[in-house]
Amino acid sequence: MLSEDELHDLAESIKSDGQHEPIVRDTNGVLLDGRNRLAACEIAGVEPRFTAYTGNDPKGLVLSHNLRRRHISKGQQAMIIVLARSFSEHSLRHHAKLHHISLSRLSNAATVLNHSPHLAEQVRTGALTLDAAYNTVRENKARAAAIQARHNRLREHAPDLTEQVSEGLLTLDDATTALDQREQEKELQRSVKATDALRLADGDPAPSLVQLAVQQAQQALRVIAEHWATVQDLAARPDTPYARDIFDGLAPEAHSLAQSLIALV
């Protein structure tokens, strides 16, 4: 329908110059074309002029007349054609030639309709351009594909993390980060073993990198054990100014470690 202002303009035109195009009904009196003219005639107080359609393709007539509306965009035309395919067996290529509209525009409209009917309706009414709706659909599809790829990677390499995500115990981001860390650790272990193998082949008597890593880990755990009382103290006073002052002075990695340790107390 025309806007209220446009409808009143049409009513004034009909009142002063007459109704140029008849309103089309089928032989049963069903309105096929001209509802704006009919409404304008009622506003103007003018008796509407009708004509009867006697052909065998009333839906095709409705589509053809609507596509010739001067106040609708090419994007709206494309969406109307795609929506009208529900009663047409013709291909998009056929409609492109028949209605003189590009096949790519029709293809974009079909993509929007298939993936986001509510956006398709906004295009049809003119509230959203076809290009904007198509770009939104493409972005949503790319985002969904990326998320699916992350889920697939988790299922393949870390079924336990996948299960935790499914149960709501981990977010997808946290699970992906945990998997990245696992793979980095595995790669580091492979690199250390390869380096140790070369070192031993050269007759180097120094402790292996694996042994050094074990010793460093043991030392780190000893430090934590020596200061476990501090962790317990923080756990007992989590929301005090004392605890906040400590946490505010920590680097992000240390803050995360402290939170994890406190959760174990």
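Helix H14 gives the largest share of the lining of the second largest pocket, five residues. Helices here are DSSP runs of H or I, at least four residues, and strands are E runs of at least two, numbered from the N terminus. A pocket is an open set of points on a 1 Å grid over the protein atoms alone, where a 1.4 Å probe fits, with protein on both sides within 12 Å along at least five of seven lines; lining residues have an atom within 4 Å of a point.

This is a predicted model: local features need pLDDT of at least 70, side-chain atom pairs need 80 or more, and totals for chains, interfaces and linings use all residues. Residues are numbered from 1 along each chain as its sequence is written, and side-chain values use heavy atoms, without hydrogens and water.

Back to the pocket. In total, 15 residues line it, and His 227, Val 231, Leu 257, Ala 258 and Leu 261 lie nearest its centre. Helices H11 (209-226), H12 (228-236), H13 (241-248) and H14 (252-264) each give two or more residues.

Now the chain. It has 14 helices and three strands. Its radius of gyration, taken over C-alpha atoms, is 35 Å, well over the 18 Å that the globule rule gives for 265 residues, so the chain is more spread out than a compact globule. That rule is 2.2 Å times the number of residues to the power 0.38. The C-alpha box is roughly 105 × 55 × 25 Å along the principal axes.

Confidence next. Mean pLDDT, the predictor's per-residue confidence from 0 to 100, is 86 for the chain. Helix H3 is lowest at a mean of 71, and helix H8 highest at 95.
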